[in-house]
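Have the model open as you read.

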Amino acid sequence: MNLSLAGKSALVCGSTQGIGKASAMELAAAGASVTLVARNEDALRQTLLELPVIKGGTHHYIAADFQFPEKLEAAVREHIIKKGAVHVLVNNTGGPAGGPITAAKTSEFLQTFNNHLICNHVLALAVLEGMKKEGYGRIINIISTSVKQPLKGLGVSNTIRAAVANWSKTLAGEVAQFGITVNNVLPGATDTIRLKSLLEAKASKTGKTLDEVKKEMISEIPAARFASANEIAAAVAFLASPAASYITGINLPVDGGRTGGL
């Protein structure tokens, strides 16, 4: 099985913490030259120093804010002109604050749509030409199991994640003929800063302790634990590899069996 990404370049968004950072580490370990994308330049510099360097690999970063898609697109296109084609794009952006959909403001939907679907789209368009010329492309979107089964208390996220999943499936059908795959990784409850914030918010709202809220969530997971970011990153690295060349247009849950549907 060919899992090597030697000679390939990867662009990883939201890559200074959590699943994004773990994915960048995994892709670099597989031999890819990784470009980190996030808004905090200090965190980008620190993460860059942590990336493993395999023979022939070089790593870079782009400081950009996903609240400004046009500036993000311009920065990525400029990077491609200087450094060459991107073979692997990992779209990953922090989710919106939790809360019932009846309490959501229209501005929250618009901002989340902008941060997720619009930014995913402009980045995909920026890298597609190079992927076509190279005859190799992997677009991997980190979404959520909510595209299969909406999650309670995440009204805005449930709505926008579903839009991203359908965008992804549509794109997959249009670019498969060029050797480009488009897939979604759906993390379950993963031990990240975002999960901690969601647990704390629920504890505050319900009056329960943080441990009680954790136990309730874990009780719904057949694997009886939260995932580590590295476990999600392993799925990303596989889908990025040559071995996954005939897998496209799928939603891959990495959730310890929590999602009720197939």
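Is Glu216 buried, partly exposed or exposed? Glu216 comes out at 30% relative accessibility, so it counts as partly exposed. For the cut-offs, buried is under 20% relative accessible area, exposed is over 50%, and partly exposed sits in between (1.4 Å probe, protein chains only).

A word on ground rules: this is a predicted model, where local features need pLDDT of at least 70, side-chain atom pairs count only at pLDDT 80 or more, and totals for chains, interfaces and linings use all residues. Residues are numbered from 1 along each chain as its sequence is written, and side-chain values use heavy atoms, with hydrogens and water left out.

**Salt bridges**

Searching the whole structure turns up nine salt bridges (a side-chain nitrogen of Lys or Arg within 4 Å of a carboxyl oxygen of Asp or Glu). Among them are these:

| Pair | Closest N to O |
|---|---|
| Lys21 and Glu50 | 2.9 Å |
| Arg45 and Asp42 | 3.2 Å |

Arg45 and Asp42 both belong to helix α2, three residues apart, or about one turn of the helix. Helices here are DSSP runs (H or I, at least four residues), as are strands (E, at least two), numbered from the N terminus. Asp42 is exposed at 57% relative accessible area, while Arg45 is partly exposed at 42%.

The Lys21 and Glu50 salt bridge links distant parts of the chain: Lys21 is in helix α1 and Glu50 in helix α2 (residues 41-50), 29 residues apart.

**Helix α1**

Helix α1 covers residues 18-29, and its 12 residues should span 16 Å at 1.5 Å a residue; the expected span is 1.5 Å times one less than the number of residues. The end C-alpha atoms are 17 Å apart, which agrees. Buried residues of α1 include Ile19, Ala22, Met25 and Leu27. Just after α1, Gly31 has a positive phi of about 110°.

**Arg138**

Arg138 sits in strand β5 (residues 137-142). Arg138 is buried yet has no salt bridge, and the nearest side chain of opposite charge, Glu134, is 11 Å away (Lys and Arg count as positive, Asp and Glu as negative; His and the chain ends are not counted). A polar atom of the Arg138 side chain does lie 3.3 Å from the backbone oxygen of Ser241.

How values were computed: Polar contact = N/O pair within 3.5 Å; in protein donor to acceptor, adjacent residues only side chain to side chain.
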